[in-house]
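Welcome! Here is a short tour for someone meeting this protein for the first time. Please take a look at the sequence and the model, then read on.

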Amino acid sequence: MKGNKHLTIVIKLGSSSIIHEKTHQPLLSTLTLIVETAVRLRTDGHRVVIVSSGAIAVGLRRMDVEKKPRNQPKNLPRIQALAAIGQSRLMTLYDGLFEHLRQPIAQVLLTRNDIADRTQYQNAKNTFVELFNLGVIPIVNENDTLAVSEIRFGDNDTLSAITAAMLQADYLFLMTDVDCLYDKNPRTNPDALPIEVVEDVTSLQADVSSVGSSLGTGGMATKLVAARLATSKGVTTVITRSSNPGNIASIVDYCQALKQAQARTQPDTSSRSLTPAEDDSLSNSISSLQLEAISKAPLHTRFLPDPKPIGDRSFWLLHGIAAHGTIFIDEGAHRALISKAGLLPAGIVDVEGHFVEQEAVRLVVVPTKRPAPSNLPNGHAITPLSTPASTAESEMEVGRALVNYSAGEIARIKGLQSTQIQGVLGYADSEYVAERSNVSLIKTGRPAAPGLPSNKSLEDLTSIQDP
């Protein structure tokens, strides 16, 4: 791997990957292998970030508490106290293991509030960059001691995806208790087939019956959400087994060998990753070391990055900040946004929620009775609808925006021309409810890879909730 370019690799570890679910004892054998793998990657010149859960689980063991309290408002102070108790001990554990290999580490605790402001978002990036320059491995966790539902990422799968996107990482590894995704539950279906490559998460059909352990907050469905977020920013995302962390280096070797072989044989398509069907045709043009890496690749599922990833600011608008309300717009306003125009009050149908200026809101299209035009530019589209059965069923979220007016102000000027704002409000800070630079639209899905099922959407997959 030393011959490869320096990569940024984010490794996400869930509580059940490093803590025994029943006894809450640290899984020292797994943790030791993780530390050895991270140091090996760092020695090879790569930048490594570990996103690690486990603070609450460690707190449970320290206080001899048998079970994690249910995620209910009344239990929040107890859960946060356990996180405070466990986080320092978790970092002490990591520091002790890394110290054996003389590798310095740093603790980075985040909530969504920490990156909601654009300046703070940039400051977080700068901190990571300086830690890399110092040769340090950052260990990231959500700040459970302070976070409440309004500012939580929700799970560390999402946190790891946002971290990987923020750092423009090359790889995000989501470590779990299975080798890869399967088309059916392999525990109950011996004929279940592994899904090795996914080009578009939204067109994926897979078994997502894993809903997370009693210690964690995630499951396979949250990993698919994380994969969607990370790949939209150009990050190759991998699901593989956490008990074999040494596989990370082998998978990186495998992926890099494929990229090098592809660049040698298909220079005009170097931005596109290979699918398994194309691998056989490369044998005659790659080195023996590359061939060895490809032949020894461990089982895993690899989500290919979007060949046209969204920009850093667009990603931050969509996923870095929480929406405080919803603005309902008509199809004409949506078409104007796609054409790079700002959001005018004339295109606003309704507003919901309580928010002030410069806060984020969802943008939701309310279709009219006439069908929307086809072949909209930039890969965006509205599904043509005739008379909708109900508004709720036909609404579609199309993006996020930072607004120039509060919810109350927008409710007063919706549907009006910009020249009327002054007369209604007594002032006009802007002719736009949202400047186009403060709007980020959701891209439509990429075409499914040949042979991959496409009849189950991401919305179906992520509807599975933890018990």
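A residue is called buried when its relative accessible area is under 20%, exposed when over 50%, and partly exposed in between (1.4 Å probe, protein chains only). This is a predicted model, in which local features need pLDDT of at least 70 and side-chain atom pairs count only at pLDDT 80 or more, while totals for chains, interfaces and linings use all residues. Residues are numbered from 1 along each chain as its sequence is written, and side-chain values use heavy atoms, with hydrogens and water left out. Helices (H or I, at least four residues) and strands (E, at least two) are DSSP runs, numbered from the N terminus.

**Confidence**

- The protein chain has an average pLDDT (the predictor's confidence in each residue, from 0 to 100) of 82, and 76% of the residues score at least 70.
- Over residues 211-218 pLDDT stays under 50, and the model has 27 contacts (heavy atoms within 4.5 Å) beyond four places in sequence for them.
- Residues 381-391 also have pLDDT under 50, with 24 contacts beyond four places in sequence.

**Helix α6**

- Helix α6 spans residues 118-133, 16 residues in total, and reaches 23 Å from its first C-alpha to its last. That is close to the 22 Å expected at 1.5 Å a residue, where the expected span is 1.5 Å times one less than the number of residues.
- Which residues of α6 are buried? They are Arg118, Tyr121, Ala124, Lys125, Phe128, Leu131 and Phe132.
- Seen down the axis of α6, these buried residues fall within an arc of 150 degrees, so they line one face of the helix. The arc is taken from the directions from the helix axis to the C-beta atoms.
- An α-helix has 3.6 residues a turn, so residues three or four places apart point the same way.
- Thr119 and Asn133, on the other side of α6, are exposed.
- At the start of α6, a side-chain oxygen of Asp117 comes to within 3.0 Å of the backbone nitrogen of Thr119.

**Helix α3**

- Helix α3 (residues 55-62) is mostly covered, with six of its eight residues buried.
- The buried residues are Ala55, Ile56, Ala57, Val58, Gly59 and Leu60, and they pack against α4 and β4 (137-142).
- Just after α3, Asp64 has a positive phi of about 55 degrees.

**Two loop residues with positive phi**

- His24 lies in the loop between α1 (15-18) and α2 (28-43). Its phi is near 65 degrees, a positive value in a residue other than glycine.
- Is His24 buried or exposed? His24 has a relative accessible area of 4%, so it counts as buried.
- Arg102 sits in the loop between α4 (76-99) and β3 (105-110), and its phi is near 55 degrees, again positive in a residue other than glycine.
- Arg102 is exposed, at 72% relative accessibility.

**Ser52 and its surroundings**

- Ser52 belongs to strand β2 (residues 47-52) and is buried, with a relative accessible area of 1%.
- The side chain of Ser52 makes a polar contact with the side chain of Tyr94 at 2.8 Å. A polar contact is a pair of N or O atoms within 3.5 Å; within protein, one must be able to donate a hydrogen and the other to accept it, and residues adjacent in sequence count only if both atoms are side-chain atoms.
- Leaving aside residues up to four places away in sequence, Ser52 touches several residues, including Leu13, Ile18, Leu90 and Ile139.

**Cysteines**

- The structure holds zero disulfides (pairs of cysteine sulfur atoms within 2.5 Å).
- Cys180 is buried at 2% relative accessible area, and Cys255 is buried at 5% relative accessibility.
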